[in-house]
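Please look at the sequence and the model below before reading on.

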Amino acid sequence: MAKRVSMDIPGLVPHKNPIPQVSKVGNMIFSGAIVGYDADGNIPETLDEQTACAFANMRKMVEGAGAKLGDIGHITVFLADTGNREPVNREWLKLFPDEHDMPARHAVKSDLGGSMLIQLDFIAVL
């Protein structure tokens, strides 16, 4: 049986609750909630800014856990308003420009609390 390894990624805002940013089990990596914090640990005002930060933070998390973007098999996008996916699609295509080499994605409406407009999570396979 694979041993679980929990970790926080240096340079990212840690969770407020007692949970890791990433858990690795065998060859699989699971993220916790990825928030659109900026480099100073603040949540920007707009969905565009939060989305750019969230995707940048996801990349840092994946790479900090020893994987690559190409190892991601699934991403869930949690949105306060699912009617506005353009910022998500824009950042998505920056990271995954090849339509034949993209992870699966599911977007769901969620009450994210505070000023958060987006969160992400992912599953990657090494």
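In this report a residue is called buried when its relative accessible area is under 20%, exposed when over 50%, and partly exposed in between (1.4 Å probe, protein chains only). The model is a predicted one, in which local features need pLDDT of at least 70, side-chain atom pairs count only at pLDDT 80 or more, and totals for chains, interfaces and linings use all residues. Residues are numbered from 1 along each chain as its sequence is written, and side-chain values use heavy atoms, with hydrogens and water left out.

**A surface patch**

Phe-30 belongs to strand E3, residues 28-31. Helices (H or I, at least four residues) and strands (E, at least two) are DSSP runs, numbered from the N terminus. Phe-30 has a relative accessible area of 33%, so this residue counts as partly exposed. Together with Val-25 and Ile-123, Phe-30 makes up a nonpolar patch on the surface, with about 190 Å² of accessible area for the three together. Patches are built from residues with over 30% relative accessible area and no salt bridge; like charges are joined within 9 Å, and nonpolar side chains (Val, Leu, Ile, Met, Phe, Trp, Tyr) within 5 Å. The areas come from the Shrake-Rupley method with a 1.4 Å probe, and for residues only the protein chains shown count as cover.

**The core**

Nonpolar side chains tend to be buried together in soluble globular proteins. A nonpolar core is here a set of buried Ala, Val, Leu, Ile, Met, Phe, Trp, Tyr and Cys residues joined through side-chain atoms within 4.5 Å. Which members of the largest nonpolar core touch the most other members? They are Met-58, Ile-72, Ile-75, Leu-120 and Phe-122, out of 27 residues. At least two residues of this core come from each of H1, strand E5 (72-79), H2 and strand E7 (118-125). H1 gives the largest share, six residues.

Ile-72 shows what such a residue touches. Contact means heavy atoms within 4.5 Å. With neighbours within four places in sequence left aside, the contacts of Ile-72 include Met-58, Val-62, Phe-96 and Phe-122.

Leu-47 lies in helix H1, which covers residues 47-64. Leu-47 is buried because its relative accessibility is 14%. Apart from neighbours within four places in sequence, Leu-47 is in contact with Leu-79, Asn-84, Pro-87, Leu-117 and Ile-118. Asn-89 is 42 residues away from Leu-47 in sequence, and the two C-alpha atoms are 12 Å apart in space.

Gln-119 sits in strand E7 and is buried, at 14% relative accessibility. Beyond its neighbours within four places in sequence, Gln-119 has contacts that include Ala-33, Val-35, Thr-76, Phe-78 and Leu-112.

**Salt bridges**

How many salt bridges does the structure hold? There are four. A salt bridge is a side-chain nitrogen of Lys or Arg within 4 Å of a carboxyl oxygen of Asp or Glu. The table lists some of them.

| Pair | N to O distance |
|---|---|
| Arg-90 and Asp-48 | 3.1 Å |
| Arg-59 and Glu-63 | 3.2 Å |
| Lys-94 and Glu-91 | 3.2 Å |

The side chains of Arg-90 and Asp-48 meet in a salt bridge. This pair links distant parts of the chain, with Arg-90 in helix H2 (residues 86-95) and Asp-48 in helix H1, 42 residues apart. Arg-90 is partly exposed at 34% relative accessible area, and Asp-48 is partly exposed at 42%.

Arg-59 and Glu-63 both lie in helix H1, four residues apart, about one turn of the helix. Arg-59 is partly exposed at 38%, and Glu-63 is partly exposed at 43%.

Lys-94 and Glu-91 are three residues apart in helix H2, so about one helical turn separates them.

Leaving aside neighbours within four places in sequence, Glu-91 is in contact with Thr-51, Ala-52 and Phe-55.
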